[in-house]
Amino acid sequence: MSPLTERLLAALCCALISTCGNDEPSAPGTPPTPEVEAVQPDWETATSRAGRYRVAWRPAGGPIPLNEPFELDVEVRTAADDAPVTGGIVSVIAEMPEHGHGMLREPRATEQEGGRYRVKGMLMHMTGRWVLSIDVIVNSVSESTDFEVVLE
Ligand SMILES: [Cu+2]
């Protein structure tokens, strides 16, 4: 399923849930049910610098932890026809521009099915603003996509 499809489904589910919720009047004096927080963060999607790819990522298994190793799911599709990009090399770096440093380790990506890649060995050791750059290399041509990540 593409990230866009997942987002649409998620939005649809939210709409359905809120509709259902309105049908059930809460008993007088009952405190409102607290909203359930999604464990799995949404995909972030952007177009690569030269416009060739739509790149989506999300941390695997929950929000990005501070100063602990984590993994990313990355999905790469062509911007022109939304086809999964297979056989590419994905390379991820993250830097804090205001501090002039990057991560203290070098992540490695392995290809999975359908244009998906799993990136292991991520570690963001400080709170603040990071720029995540996802490089996609196909036929020796590299194209980067930047994302801003604010770690709290
Ligand atoms: Cu820093």
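User: What share of the 152 residues of the chain counts as buried?
Analyst: This is a predicted model, and in it 18% of the 152 residues count as buried.

User: What part of the contacts comes from residues 24 or more positions apart?
Analyst: Counting contacts with a separation of 6 or more, 55% are between residues 24 or more positions apart.

User: On to the open sheet. Which strands form it, and in what order?
Analyst: Four strands, ordered S5-S4-S8-S9, with antiparallel pairing. Strand S5 (101-102) and strand S9 (141-151) are the edges, each pairing on one side only.

User: And S4 with S8, over how many bridges do they pair?
Analyst: Seven, in the antiparallel sense; S4 covers residues 89-96 and S8 covers residues 128-138.

User: Which residue in S8 does Ala-94 stand opposite?
Analyst: Leu-132.

User: Switching to the largest nonpolar core. Which of its residues touch the most other members?
Analyst: The core has 21 residues, and the ones touching the most other members are Val-55, Val-74, Val-76, Val-90, Val-119 and Ile-134.

User: Which strands each supply at least two residues of this core?
Analyst: Strand S2 (53-59), strand S3 (70-78), S4, strand S7 (116-122) and S8.

User: Take Val-90. What does it touch, not counting residues up to four places away in sequence?
Analyst: Val-90 touches Val-74, Val-76, Ala-109, Tyr-117, Val-119, Ile-134, Asp-135 and Val-136. Among these, Val-74, Val-76, Val-119 and Ile-134 are also on the list of core residues that touch the most other members.

User: Now S6 and S7. In what sense do they pair, and over how many bridges?
Analyst: Antiparallel, over four bridges, with S6 spanning residues 108-111. One of the bridge pairs is Thr-110 with Arg-118 in S7.

User: How many residues lie between the strands in that hairpin, and which one takes a positive phi?
Analyst: There are four residues between S6 and S7, and Gly-114 has the positive phi, near 65°.

User: Does Val-141 count as buried or exposed, and why?
Analyst: Exposed, because Val-141 has 10 C-beta neighbours inside 10 Å, and the cut-off for exposed is 12 or fewer.

User: What separates the C-alpha atoms of Val-141 and Gly-88?
Analyst: A distance of 9.8 Å, with the two residues 53 apart along the chain.

Terms used. Residues numbered from 1 in each chain as written. Predicted model: local features only at pLDDT ≥ 70, side-chain atom pairs only at ≥ 80, totals over all residues. Pairing = 2+ DSSP bridges. Core = buried A, V, L, I, M, F, W, Y, C linked by C-beta atoms within 7 Å. Buried ≥ 20, exposed ≤ 12 C-beta atoms within 10 Å, placed from the backbone. Contact = placed C-beta atoms within 7 Å.
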